[in-house]
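Student: Could you take me through one part of this model up close, and then carry on to whatever else is worth a look? I'd like to follow along on the structure.

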Amino acid sequence: MSGIALTNVVKRFGALTVIDKVNLSVAEGEFVVFVGPSGCGKSTLLRMIAGLEEISDGELQIGGERMNETPPARRGIAMVFQSYALYPHMSVERNLGFALETARLAAGEITERVAKVARFLKIEHLLARRPAQLSGGQQQRVAIGRALVRSQKLFLFDEPLSNLDADLRMEMRVEIARIHRELKATTVYVTHDQLEAMTLADRIVVLKDGHISQVGTPMELYEHPANKFVASFIGAPRMNFLTGKLAIDGSGSRLDVLDARHGLENFGYEGEVSVGIRPEDLILGGGDIRLPASVQLVEPLGGEALVHARLGNGQSLVVKAQGKPDLKPNADITVGWLTSKAHLFGADDRALSAKGA
Amino acid sequence: MVRSNTGRRLHRIAIYALFGIVALYTLFPFYWMIASSLKSGQAIFDVTFLPDLKFNNYQAILSDGVFLRSLLNSLIVAFSVVALSLLLAVGAAYALGRIDFRGRSPIMLLVLAVSMFPQIALLSGLFEMIRWLGLYNTIGSLIFAYMIFTLPFNIWVLTTFMRDLPKQIEEAAIMDGCSPLRIVRCIFLPMMGPALISTGLLAFIASWNEFMFALTFILTDENRTVPVAIALISGSSRYEFPYGAIMAASTIVTVPLIVLALLFQKHIVSGLTAGAVKG
């Protein structure tokens, strides 16, 4: 009873529309991640679900009930904030128990539930401390604990890991995944980090300028981005884009990129296109389409290396190569790819797909 | 250039000399007051810098029922003013600092404007109000009047402080199910400790020392506060001016302020500077 349904939800600040008719449903127990660049409205949308922002238009349902006018505390929601927002003057134990105290639970039960959550998050030894005496990661655990202790069915996370360093971020990511696996609570998680989105989400919602750009599982978004924006946002390093020309050729299509060309299935589209190829799909010295290039820089990452290459027309590409390629700057190479791995985007930035062959 | 040893020593001597002058300037009146209070009878008119350590002035003043009564009145007034003005100022600060509503800045400016009127300008109008409220010649009139200068200052300081408290903490409390009242009481008040202490202390000092309103609104001895009571201490005959008793009374009256200031000195500075710099 904790699924979320958003119907034509709108948020306006004065004349400015920051969320424009968003429709989305989140199934019970699902882990959904809102991702997008800053200013895309992802946090606003989360705060509207939480009840911290009013909904200007449209309807929000939680567990099948209209929640637009319900105060935050009665929506059955627990929320974790980016800045942790722990109460600085209270001990960890009181921070955890404060919501229960507010709800006037018996002291014995509060202690019991706080102890249970502390055990679950391995923060029992910190109970007597103040937030200021904790490290960032510990504070984050307490903040999560404060959400857990209310045993709500719906969790909201607002960029919870942004203030942590890289190591801790990974550790907490694993921890959040574990919490979701064990509690199976419906979770909505906001981040600008596509890696967090890819690793945590059942489904990712990519937002841009207050619109939903695409919704899908991480692999769907990775393999079939609906538009150029999603294609460039998901995956690291970013997808490479080249300009090409698509023309109808007999029963199929023909793609021209610089001096190279290759026949394709029928796309039913003619004109300029963006050809998107992920760094990991680029092949040094192979592929259906091959282009001459010169090496700019090689960044060895250990098991693999990022090769920055420049094409004849000055455009640069990033190639992810296995091992440690023996390449010197300015060396001449060929960069190519299999056309089946390339993504084509039309003039309106939407993905083009082959007309059922 | 390396400064020579003698140069450095001279520099240091100069600094200490300056300290000495400032200390003398600020502390000598207090010393003179205490020293005089410890002299008895005619000795007060001899210019000697060492006190006699005679306590008869204190004996006299502490056995004077009127003075003790006025001391009690002063305590009641000062503590009531502190409690009431903090209570009202915290409520106002929450509204002005945390809630967006039309006319917030005009209200802030109005509050500031009120605190700029000279006391004397308010005197006759306030007198009418106090008569009309039936508070004339009660300590209630003073509590009422002192709020006029303590409240604007408290509201300003607390509003700045309240505005700078992190928004997410308030939202976390909302998610935890807190009403606005509970947020203020359980979350904001404890976080505002230093600001409350410094504004409260300043309100206390202001009402403790106030003279003009206390002189105007109070008619009879049993309702007077200490500053007026001291001014009205008279000798056994009209040709005697009881300097010794006045000095002893003044010393007694200064003590609570010094105790409070020492007790909270750490918080006063942190409270007054809070909000000046964004953390």
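Tutor: Let's start with K21(A): its relative accessibility is 55%, so this lysine counts as exposed, the cut-off being over 50%. Keep in mind that you're looking at a predicted model. K21(A) sits in strand β2 of chain A, which covers residues 16–26. Now check the backbone: phi of K21(A) is near 50°, a positive value in a residue that isn't glycine.

Next, go to L258(A), where phi is also positive, near 50°, again in a residue other than glycine. This leucine is in a loop of chain A, between β12 (252–257) and β13 (260–264). With a relative accessible area of 38%, L258(A) is partly exposed.

The peptide bond between A236(A) and P237(A) is cis, with omega about -5°.

Now for the sheet. In chain A, six strands line up as β6-β7-β8-β3-β9-β10 in an open sheet with mixed pairing. At the edges you'll find β6 (77–80) and β10 (211–216), each of which pairs on one side only. On average, neighbouring strands here are turned by 20° against each other, ignoring direction. Zoom in on β7 (residues 154–158) and β8 (residues 186–191) of chain A: they run parallel and are joined by five bridges. F157(A) is a handy landmark, standing opposite Y189(A) of β8(A). Across β6 and β7 of chain A lies helix α4 (residues 136–148), running at about 175° to β6(A).

What does chain A use to touch chain B? Its α1 (42–50), β6 and α2 (92–102) each supply at least two residues to that side, and α2(A) gives the largest share, four residues. The contact involves 22 residues from chain A and 15 from chain B. Between them, the two chains bury about 1,600 Å², with 63% of that on carbon and sulfur atoms.

Chain A and chain B share two salt bridges. In one of them, the side chain of R47(A) meets that of E171(B) at 2.6 Å, N to O.

Methods
Residues numbered from 1 in each chain as written. Chains lettered and ligands numbered in written order. Predicted model: local features only at pLDDT ≥ 70, side-chain atom pairs only at ≥ 80, totals over all residues. Heavy atoms only, no water. Buried < 20%, exposed > 50% of the residue type's maximum accessible area, 1.4 Å probe, protein only. Pairing = 2+ DSSP bridges. Axes fitted to C-alpha atoms, helices over the stretch in contact; angles between N-to-C directions. Contact = heavy atoms within 4.5 Å. Buried area = accessible area lost by both parts, 1.4 Å probe. Salt bridge = Lys/Arg side-chain N within 4 Å of Asp/Glu carboxyl O.
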